Amino acid sequence: MVIAHGSDEQKARYLEPILTGEEIWCQGFSEPESGSDLASLKTRAVKDGDEWVVTGQKVWTTFAQYAKWCMLVARTDPDAPKHQGLTYFLMDMEQDAVQTRPLVQITGEGEFNEVFFEEARVPGANVVGGVGNGWAVAITTLMNERAGLAFGAISQIQNSLGRLSKLARDTTSNGATAAEDPYFRQRIAQLHIEVETMRLNAYRGLTKTMQSGIPGPEGSLGKWQWADINQDLTELALEIEGAYSMLARGSEHAVAGGAWQYSFLRSRANSIEGGTTDILKNIIAERVLGLPRLR
Amino acid sequence: MYFDLNDEQQAIKSTAHDFLKARFKSERIREIAASESGFDEAGWKEMAELGWAGLALPEDWGGQGLGAVELAILFEEMGYALAPSPLLSNTIAGLALAAGGSDEQKERWLRPLAEGSLRGTPALIDAGGPAEPMKFSMEPGEALTGTKTLVLDAGSADFFLVATADGGRHLVEKGAEGVTVTAEESLDPTRRLFSVRFENVRPEATLKGSGEVYHPVFHRACVALAAESTGLAQRALEMSVEYAKDRQQFGRPIGAYQAVSHRCAQMLLETENSRSAVYGAAWAADAEPESLPLAASTAKAYASDAGWRVPDAAIQVHGGIGFTWEHDLHFFLKRGRANAAMFGDAKWHREQVAEAVLAGETAPASA
C-alpha cells in the first residue's frame, strides 16, 4: 500500500521498519456497523490546522495491542457519496486518545481488538493517496492482503498436511490405521490435490502481478480456497481422531495435545477474516466475471 | 517462478482457437455426432496440415517435436471447441510408438501417423475385466486372442496398439484376419467407443518396449485429457456468464442474484484450479519427469471432477433451456462425464496421490 500509493517521504520513513519488523502495523478498517459493507464506515477525521482529529471505533483489529502504526480509513467528507468521502491515514497508535480492548474469540484467546479513538491526532503529512481517495488505497491493501495471505499460507498448509498424514498413520480403528482406510485416503489425497492447485494458482497470480504491478481481484480466489482447505483439513483431523476429538488442550488423553481442536476452532474464522468467502464470491462474480451488481 | 505461456505457446493457442472455432460450429458438431461413422474426414485433413497429428511426436519421425505444455494447450482448445476428432487416440498411439518402437517400426508406422496419413489407437482394456489403467490380462504370444473394449475411435483407425498382460504392445492392422470391430453406444456422441475382438490374430509387429516404458505415455495422455476437460469447463463457464448477464427474471439479469453469481464464481474456481493442475503437470512432464506421475494424477483427479461438474452447473444456470437437446450444453456434460471415467477416474487418481503422500514416506517435520 505504501509502495503503491505512498509519497517518496512516506516510503523513506515507513518501508524499512516494516521489512525489519521493528514497527508493527495494524489495519483500522472494520467497524461495529461496517463489516462487509466497509464503505459505510463512520469513524470521522476532521481537519484542525495541519492535523486531523479522529473520533470513532474500529473492530477486529488484529495485533492492535502491539502495533506502533495503524492503517486507518476514516470519513473526511460526510456529505460525499459513501465511497468518495474516505481518506487513508497512517496513525500513531502510541497516544492516550487511542485505546484498545481485546476481544475473546471462540478459541478463548484475544488476537483481535476493539480500538477506540477519542480525538486522536494525525499529522496532515500522514495522509496516503490524497484526501478523499481512501477507498482506492483500502482496496489495494485488501488485494495485497488476499494475494499475500494465500501465498504465505501455502507452506503452513503443507506443514499441516504433513501433520495430518502423521495423525492418520498413528490412529488405529478396527485393526487398521486411518492411513490405510480408503475413505480417509481419498480425503487426504483430495486435500493434497487442492493445496497443489492453490500453490500453482499462487504462482500464476504472482506472474500476473509481476506483469501488471498490482494484484488483481483474482487474489480473491486464493483466499477463498485457502479458507476452504484449512477448514476441510481441520475437520478431517477431528474425524480421524473419532471419539477422542471431544478432548481439548489441557486434557491428558487429548490427541496431539489438543492441537487439532484449537486449529478446528480457529479455522472457522478463515472464511470471515480478510473478506468473507461470500463477499469474495461477489467480488469474483462482479470484477472477474463481469456479472451485474445486485446493489 | 514464471508461470504463464510464452509468446510461441500463445501463438499455438490462438491458432488452435481460431481454427477450431471456425471449423466446429454447433451445426457441424451435431452433424458429425449424428453421422454413421462419427468421423470428420475433412476436419482431420486440416488438422494434419496444421501439423497437429505429430505435434508432440519426435521431429526425426515427421512430428513437430513439441512438449507436453504445447499438447495441453492444443487439447484445452479442442475441449473448448468440443471438437469431435481422433486426435487424442492418435496422439497416444504415436507417443507409444515413439516410446517403444524400433527405428524400423517408427519408419513404417510412426512417420505416417505423425503426418496424419495413417491413424492409430490404443486397445487397452480387456472386456469384462476391471478396466484399471496399466493392468491388462490378454495373453501375449505369436497370436492374440481376446476382446478389447472402450477403444477410442476404432472405426476411423487404421491400426491398433494392443496391450498384453506382460505390458507389451502389439501392432495389429484393422483389416487383419480375425479382427472384428463393433461400435458401442457412447454416453458422449462426439467421441465414439468400440469393442475390438481379436481371434487368433498375428500382430504385424510387436514393439520392443514393455511395462514401464509406457507409463510416461499414460501420464502424458492423462494430462492431455485433463487439459481437454479444462477447456470444456472454460467454455461452459463462459456460456453461463454470458447467459446470466442476458437472461432477465424479476426485472433483473439473473447474474445479479447471488444464487446464480456465486455458482458462477464456483465454476471459475474449479476451472482455474483445473488449469493450474494441468499446466503444472505438463510442465513436469517436460522439465521434471520424476514428478510427472504425482502431478498427472493430481491434474487428472481434479479435472475429472471439474470437467463435468462445471458443465453440470452450467445447465443449472441456464434452467430449462439448458436441459434441451437444442442447447449445446449437454454435449459438454457428456464429454466431461466420459472424460472423468477415462484413463483412471478421480477416485483411482486420488488413490495414486494417497499412495505417494501416505505410504512409507517419513512425515514432514511437524511444527
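Predicted model: local features only at pLDDT ≥ 70, side-chain atom pairs only at ≥ 80, totals over all residues.

Student: What angle do they pack at, and how far apart are the axes?

Tutor: Helix α7 (residues 215-246) of chain B and helix α8 (residues 258-287) of chain B pack at about 155°, and their axes are 9 Å apart.

Student: Left-handed or right-handed crossing?

Tutor: The crossing of α7(B) and α8(B) is left-handed, and the contact between these two helices has, by class, 15 nonpolar, 7 polar and 3 charged residues.

Student: Switching to the sheet in chain B, what's the strand order?

Tutor: In chain B, 4 strands form an open sheet in the order β1-β4-β5-β8, with mixed pairing. The edges are taken by β1 (120-123) and β8 (205-210) of chain B, each of which has a single partner strand, so one side of each is left without a neighbour in the sheet. Neighbouring strands of this sheet are turned by 25° against each other on average, if direction is ignored.

Student: And in which sense do β5 and β8 of chain B pair?

Tutor: Strand β5 (residues 168-173) of chain B pairs with β8(B) in the antiparallel sense, over 3 bridges, and B:Gly168 stands opposite B:Ser210 in β8(B).

Student: Which helix lies across those strands?

Tutor: Helix α5 (residues 87-100) of chain B lies across β1, β4 (159-163), β5 and β8 of chain B, and runs at about 80° to β1(B).

Student: OK, now chain A. How is it divided into domains?

Tutor: Chain A has domain 1 (2-130) and domain 2 (137-288), and the C-alpha centres of these two domains of chain A lie 29 Å apart.

Student: How many residues are in contact between them?

Tutor: In chain A, 12 residues of domain 1 are in contact with 11 residues of domain 2. On the domain 1 side, the elements that give two or more residues are α1 (2-5) and β4 (69-75) of chain A, and by class that side has 7 nonpolar, 5 polar and no charged residues.

Student: Last one: how many residues does each chain give to the contact of A with B?

Tutor: The contact takes 34 residues from chain A and 37 residues from chain B. On the side of chain A that touches chain B, α4(A) gives the most, with 14 residues, and by class this side has 16 nonpolar, 11 polar and 7 charged residues.

Methods. Residues numbered from 1 in each chain as written. Chains lettered and ligands numbered in written order. Domains from an automatic or database assignment. Contact = placed C-beta atoms within 7 Å. Nonpolar A, V, L, I, M, F, W, Y, C, P; charged D, E, K, R; others polar. Axes fitted to C-alpha atoms, helices over the stretch in contact; angles between N-to-C directions. Left-handed = near helix turned anticlockwise from the far one by under 90°. Pairing = 2+ DSSP bridges.
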